[in-house]
Amino acid sequence: MTPNDQRPDSALDVALTDTLLKQAVLTTFKTVDLCSQIVSPRIEHAHELAKWGLKIARRDYDKNPERLMLLISPSSVANALAVWGSSKSDWIVLSDGLLLALQSKANQVAEKLASEQSWILETELLRSIQKVDTLTGLDTPVASFLYFAAVSFFVGHEAGHHVLGHDGYFRNGAHAEVSDQNSTPNVDSKLTKQALEFQADRYGVMVARVAMIGWLSRHWDVREYSAQERASYQWIIAFVMSVGALMALSVIKPRRIDWEAAYGREHPPGVLRMIQLLNALTESIKENFGLLGDKELETIRLEAIDLVAETTLVPGSPDHILFRDRLAREGRRAALRAIGLLQAIHDPNAASYIQKIANAFHEVTPLLNPRSRRFIEDLGVAPQ
Ligand SMILES: [Zn+2]
């Protein structure tokens, strides 16, 4: 499986004429520069990796799939955008700052994986990944693969805003992942924006899963293996997909849940969004990895949280100090509880919050303009 070549220079040519794109990029990154792939090794291979997600999302365009395009801003500000351009293109814009943050997170998580879950590295699949080249800026092949999963999730998330027709709601023509939380005074519109975020996350999970399987199929031919080996293959993909997606999300400022404030935010509070993402991951694993049972699903969920949770905390912050202290004295579960993650999963407020989000999504659905009609049903935020 080889991704179709997207010629970045032709995307750049279109970008130069696109006034709405320039305006959105200038607002977010304070520069209109957009890179073709030759600017730096990081940007060059990010274009290569992103092609996988781009190709997958383009399949979901009933008409004119090439209108979905990707560019990278050389800005060091970590952010990602979906922009509906004046050229009628659907733009995905990632920044170099985001790529750098994802690389550092991938290195951190891969190191933790090697020290705490070393058995995973001994599986056939991971041994084959370790024969693959390490990308520039990544410490190991496993870190490179986690980075690929996270980039694919981001590309998929932004593509999700396009494929699912969120331009019907974002009338100003652009959506930034990190934005001023207080820019919209209307609580209803913030719930709607959070509902759309969840929906884009679910699409991102799908794109990351398909991209990873495509990428791996070059190295590991699953058809030649036994049922047990296939189950192991599914476990590893489901696990790495979960870690990659959670890792990507943790780059977008996770924080403790404050239920009162949660209703007033455009993006869902970090921890809650992480839980919703875990739910989306579990659903996706159930649907697509038939050899894994409920016990495996629960293990994957907890192990993935375990690996990523600590990297979401700012080193030296009060939460981080609390986490390290509990970890040393009472173990990992207690540490996760201390930073609010485990309570959040069982918080009684979560159910009513999720119901509000589902209602908000239901109300906004008629405004959306999906590039393929089937998406509203398939990817709706289901009431829980
Ligand atoms: Zn988004």
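Guide: First, the ground rules. This is a predicted model, where local features need pLDDT of at least 70, side-chain atom pairs count only at pLDDT 80 or more, and totals for chains, interfaces and linings use all residues. Residues are numbered from 1 along each chain as its sequence is written, and side-chain values use heavy atoms, with hydrogens and water left out.

His157 sits in helix 7, residues 141-163. Helices (H or I, at least four residues) and strands (E, at least two) are DSSP runs, numbered from the N terminus. His157 counts as buried because its relative accessibility is 2%. Buried means under 20% relative accessible area, exposed over 50%, and partly exposed in between, with a 1.4 Å probe and protein chains only.

Now its surroundings. Beyond its neighbours within four places in sequence, His157 contacts Glu177, Glu197, Ala200, Asp201, Gly204 and Arg273. Contact means heavy atoms within 4.5 Å. With Glu197 there is also a side-chain to side-chain polar contact, at 3.1 Å. A polar contact is a pair of N or O atoms within 3.5 Å; within protein, one must be able to donate a hydrogen and the other to accept it, and residues adjacent in sequence count only if both atoms are side-chain atoms.

His161 and Glu197 are buried.

Step back to the packing. The largest nonpolar core has 90 residues, and Leu94, Leu102, Tyr147, Tyr203 and Phe239 have the most contacts inside it. Helix 9 (residues 227-251) gives the largest share, 15 residues. A second, separate core of 17 residues includes Tyr169, Leu191, Ala350 and Leu368. A nonpolar core is a set of buried Ala, Val, Leu, Ile, Met, Phe, Trp, Tyr and Cys residues joined through side-chain atoms within 4.5 Å.

Leaving aside neighbours within four places in sequence, Leu102 contacts Tyr147, Ala150, Val151, Phe154, Met247, Ala248 and Val251.

Helix 9 also holds Leu246. That residue is buried, at 0% relative accessible area. Not counting residues up to four places away in sequence, Leu246 touches Met274, Leu277, Leu278, Leu281, Ala304, Ile305 and Val308. Among the buried residues of helix 12 are Ala304, Ile305 and Val308.

Finally, the rings. The structure holds 9 aromatic pairs. One is Tyr169 with Phe170, edge-to-face, at 5.4 Å centre to centre and 85° between the planes. Rings of Phe, Tyr and Trp (its six-membered ring) pair if their centres lie within 6.5 Å; planes under 30 degrees apart count as stacked, over 60 as edge-to-face and the rest as tilted. Both Tyr169 and Phe170 are buried. Ring pairs also link Trp52, Phe145, Phe148 and Trp215 into a cluster.
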